[in-house]
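Please read each point with the model in view.

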Amino acid sequence: MEYKNKYERLVENIRQYPSAAVAFSGGVDSTLLCKAAADALGEDAKAFTIFSPFIPLRERELSKKMAREIGIDHTIIEVADMDSHVLSNPVDRCYHCKKAVFGRISEEARTAGMEYLFDGSNVDDLKDYRPGMKALEEMDVCSPLRDSGLTKDDIRGISKLLGLETWSIPAYACLASRIPYGTVITDENLRMVEAGEDVLHRLGMEQVRLRHHGDIARIEAGPDEMEKLLKEEVRLEVSKELKGIGYIYVCMELEGYRMGSLNVFEEEGSNE
């Protein structure tokens, strides 16, 4: 009943907007937001997905699938090249990337007649280093999940109640978040990360990240995944396939997966 009431409150909050475009990744947060926007606004809600070199192909395909199931009008915006400043990978990369990405979505949304733009930020996002949130505030992007007081656990619980298959999927983050600040982002290192994580997913890993440190692949895995990785046949297969992608060394982070683990700040800067 608690999750049902929280969802009804979310839908009611969204009804105050005459029309809205949802920035839609296909992840757990934005999928629930799309569902609520569709329930609240009907045809006056539309979903927009950016597909750039920073986004794995599997996420684009999931966004298409979930939009069809929800029944919301869905547009994929192809972005072939990212801004050179973003590619230089400064500490505030996410700020500049969000400005560029939401600028594109905003243009498409206005053309479609949408008056407001939503993103899937939630209450828990306030706890991490997220320079992109500053960009969203500057652009007057609305965050109904956060404004409705929903945490990540709430979002998963509500999604399960509604029968959304995304309720149990791991958190998403763009491929650039696997590359330490100060390391120039190239198509080559993005594709190495994507191919490496595809290997890990194919071998049954879910809560996992491949951090790219030049010729070193550092794997962060959740407790269950770490146990799988330590099995000899899996460990050897991962090492073989990642070295085939181009890594010379393959190692495991002993602390396991930690969200934002590259956000390690020092006096003169930070390393994501």
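Predicted model: local features only at pLDDT ≥ 70, side-chain atom pairs only at ≥ 80, totals over all residues.

1. Asp 73 counts as partly exposed because its relative accessibility is 40%; the term buried means under 20% relative accessible area, exposed means over 50%, and partly exposed lies in between (1.4 Å probe, protein chains only).

2. Residues are numbered from 1 along each chain as its sequence is written, and side-chain values use heavy atoms, with hydrogens and water left out.

3. Asp 73 also belongs to a patch of negative charge on the surface, together with Glu 43, Asp 44 and Glu 115. Patches are made of residues with over 30% relative accessible area and no salt bridge; like charges are joined within 9 Å, and nonpolar side chains (Val, Leu, Ile, Met, Phe, Trp, Tyr) within 5 Å. Accessible areas come from the Shrake-Rupley method with a 1.4 Å probe, and for residues only the protein chains shown count as cover. Lys and Arg count as positive and Asp and Glu as negative, whereas His and the chain ends are not counted. The place of a charge is taken as NZ of Lys, CZ of Arg, CG of Asp or CD of Glu.

4. As to the overall form, the protein has eleven helices and nine strands. Its radius of gyration is 19 Å, close to the 19 Å that the globule rule gives for 272 residues, so the protein is as compact as a globular protein of that length. This radius is taken over C-alpha atoms, and the globule rule is 2.2 Å times the number of residues to the power 0.38. The C-alpha trace spans about 55 × 40 × 35 Å along its principal axes. Of the 272 residues, 51% are buried.

5. How many salt bridges does the model contain? The count comes to 22, where a salt bridge is a side-chain nitrogen of Lys or Arg within 4 Å of a carboxyl oxygen of Asp or Glu. One network of salt bridges links Arg 58, Arg 178, Glu 197 and Asp 198.

6. Lys 99 and Glu 138 meet through their side chains in a salt bridge, at 3.1 Å from N to O. This pair links distant parts of the chain, 39 residues apart: Lys 99 is in helix α5 (residues 93–111) and Glu 138 in helix α6 (residues 132–138). Lys 99 is partly exposed because its relative accessibility is 33%, and Glu 138 is partly exposed at 40%.

7. Arg 60 forms a salt bridge with Glu 61, with the closest N and O atoms 3.1 Å apart; Arg 60 is buried, at 18% relative accessible area, while Glu 61 is partly exposed, at 35%. The side chains of Arg 218 and Glu 220 also meet in a salt bridge, at 3.0 Å from N to O. Arg 218 is buried, with a relative accessible area of 13%, and Glu 220 counts as buried at 0%.

8. Which residues other than glycine have a positive phi? Among them is Asn 89, with phi near 65°; Asn 89 lies in the loop between α4 (84–87) and α5 and is buried, with a relative accessible area of 1%. Another is Asp 140, with phi near 60°. Asp 140 is placed in the loop between α6 and α7 (144–147) and is exposed, at 62% relative accessible area.

9. Tyr 7, in helix α1 (residues 2–14), is buried at 8% relative accessible area; its C-alpha atom is separated by 32 Å from that of Glu 78, 71 residues apart along the chain. Gly 246 lies in the loop between α11 (232–245) and β7 (249–252), and its C-alpha atom is separated by 9.5 Å from that of Ala 217, 29 residues apart along the chain.

Methods. Helix = DSSP H or I, 4+ residues; strand = E, 2+ residues; numbered from the N terminus.
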